[in-house]
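Subject: A structure for you to look at

Hello,

Here is the structure I promised to pass on to you. Please open it alongside this message, and my notes on what turned up follow below.

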Amino acid sequence: MSTCKTLIRLSLPFSTRSFSLLSLRPSNYSPLNFIPSPFGVRARNYASIGAASIPLESTGIVEDSPENATTDLVEQLLANRDDVTGLMKMERRCSFTDDSEEKAEDLSMKRRWFPYLDRLRSGSYFLTSSEVLEAVEPLIMDVRKERFRSVVKNRTYSVCLVVEGLADFGNVSAVFRSADALGFQSVHVVSCDSSKRYRDNRHVSMGAEKWLDIELWDSTKECFETLKSRGYRIATTHLGMDAVSVYEMDWSCPTAIVVGNENRGISDEALKLSDLHCSIPMKGMVDSFNVSVAAGILMHHAVCDRTSRLGCHGDLTSEERQILLAEFSLRHSKSAISVAHDYAKRKAAVSAPAHFSRDHIFDV
């Protein structure tokens, strides 16, 4: 009978008293941030309001300070070009013809664009990606390094996203989050008003901006000209008679897909400068998606199409994966870049005596 009473009591909703006696609910219990656990461990409800501000980093290893873990940096980044540039650590090229090695190659081969050089500048010294990894990886937990390798394996620069003149900051944040989740490394943001890039409307991007290559542009023409110099065709989303369905496009070709302003859509300048117009077929009474939803659909279809044609979405070479892995490792925490610079100083100090000895022997 005693056992029966216990079973019945546990099968009914807990009263305040019985729950406290079982020590499963703390005194500061709130139904929004607590889920009862059979092990007596406090768990967060990820459908709660509080969960909306949890950054991507909270699912892995938290590297930065606690205040950074709950602060969305996208608005600050988009307002300051230097902040965006500061996210990218390894040296970058702007076009295929930035250095003498690239000039000697036949650009008609339409090689894939990859922005990083295999070097990190540290004063007058350079580190290769392998040296960066040698310096920084000991500070990163194995589970995090495995996550980096998995992400880099599925990254591509062959398709990039361009957002033109978006006025709602929340849409920009959502686009960043979708791009990162679907394996697109490059996102371009064209401002419609250089004096005030976006309305003050804070949303959560889940920390995706930390892992993307974000480039800011003050004009559509400048952005498009640079993208074309990198080998991309420009496809603008537009409802028109000449628009092709996104389902009929070959996404294995280097493509920059452009989405426009929430109200006005793609600008006339962008339509004129683009190589083709495309649209998502609509099956309902409405004739458009929310811009961040449209961007997500476009990127998801690009992943599916590329996987069907190429066997996979990620297409970086082993060398490119190593460089991007070094880049991610440097972005891992604020201290990572300092560790790499210290490594470079030690390496330079070791090589300096050898150079001195050779010069001394030559003089003698």
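**Starting from helix 14**

Alanine 340 is found in helix 14, which covers residues 334-363. Before going further, please keep in mind that this is a predicted model.

Is alanine 340 buried or exposed? Its relative accessible area is 0%, so alanine 340 counts as buried. Setting aside neighbours within four places in sequence, alanine 340 is in contact with Leu120, Leu127, Ala135, Val136 and Leu330.

**The protein as a whole**

With that spot located, here is the wider view. The protein has 14 helices and 9 strands. Of its 364 residues, 41% are buried. Among contacts with a separation of 6 or more, 76% are between residues 24 or more positions apart. The protein exposes about 20000 Å², and carbon and sulfur atoms supply 56% of that area.

**An aromatic cluster**

Next, the rings. The model holds 5 aromatic pairs. Phenylalanine 114 and tyrosine 116 are both buried. Phenylalanine 114 also pairs edge-to-face with tyrosine 157, at 5.4 Å centre to centre and 85° between the planes.

Why does this second pair tie together parts that are 43 residues apart in sequence? Phenylalanine 114 belongs to the loop between helix 6 (100-103) and strand 1 (120-122), while tyrosine 157 belongs to the loop between helix 8 (142-153) and strand 3 (159-164), so the pair links those two parts. Phenylalanine 114 has 5% relative accessibility and therefore counts as buried. Tyrosine 157 is buried too, with a relative accessible area of 1%. Together, Phe114, Tyr116 and Tyr157 make up one aromatic cluster.

**Charges around the rings**

The charged end of arginine 92 sits over the ring of tyrosine 116, 5.1 Å from its centre. Likewise, arginine 119 places its charged end over the ring of phenylalanine 126, 5.4 Å from the ring centre.

Glutamate 91 lies in the loop between helix 5 (81-87) and helix 6. Its relative accessibility is 18%, and the cut-off for buried is under 20%, so glutamate 91 counts as buried. Which side chain makes a polar contact with the side chain of glutamate 91? That of arginine 121 does, at 3.2 Å. Leaving out residues up to four places away in sequence, glutamate 91 touches Pro115, Tyr116, Leu117, Arg119, Arg121 and Phe126.

**Helix 12**

Lastly, helix 12 takes in residues 291-310. At 1.5 Å a residue, its 20 residues should span 28 Å, and the end C-alpha atoms are 28 Å apart, so the two values agree. Buried residues in helix 12 include Val291, Ala294, Ala295, Leu298, Met299, Ala302 and Val303. An α-helix has 3.6 residues a turn, so residues three or four places apart point the same way. Which elements are among those that cover the buried residues of helix 12? They include strand 3, helix 9 (169-182), strand 6 (233-237) and strand 8 (255-259). After helix 12 comes glycine 311, whose phi is positive, near 95°.

Enjoy looking around, and write back with any questions.

Best wishes

Conventions
Residues numbered from 1 in each chain as written. Predicted model: local features only at pLDDT ≥ 70, side-chain atom pairs only at ≥ 80, totals over all residues. Heavy atoms only, no water. Phe/Tyr/Trp six-rings, centres within 6.5 Å; stacked < 30°, edge-to-face > 60°. Buried < 20%, exposed > 50% of the residue type's maximum accessible area, 1.4 Å probe, protein only. Helix = DSSP H or I, 4+ residues; strand = E, 2+ residues; numbered from the N terminus. Lys NZ or Arg CZ within 6 Å of the ring centre and 35° of its normal. Contact = heavy atoms within 4.5 Å. Areas by Shrake-Rupley, 256 points an atom, 1.4 Å probe, with all protein chains shown as cover. Polar contact = N/O pair within 3.5 Å; in protein donor to acceptor, adjacent residues only side chain to side chain. Expected span 1.5 Å × (residues − 1).
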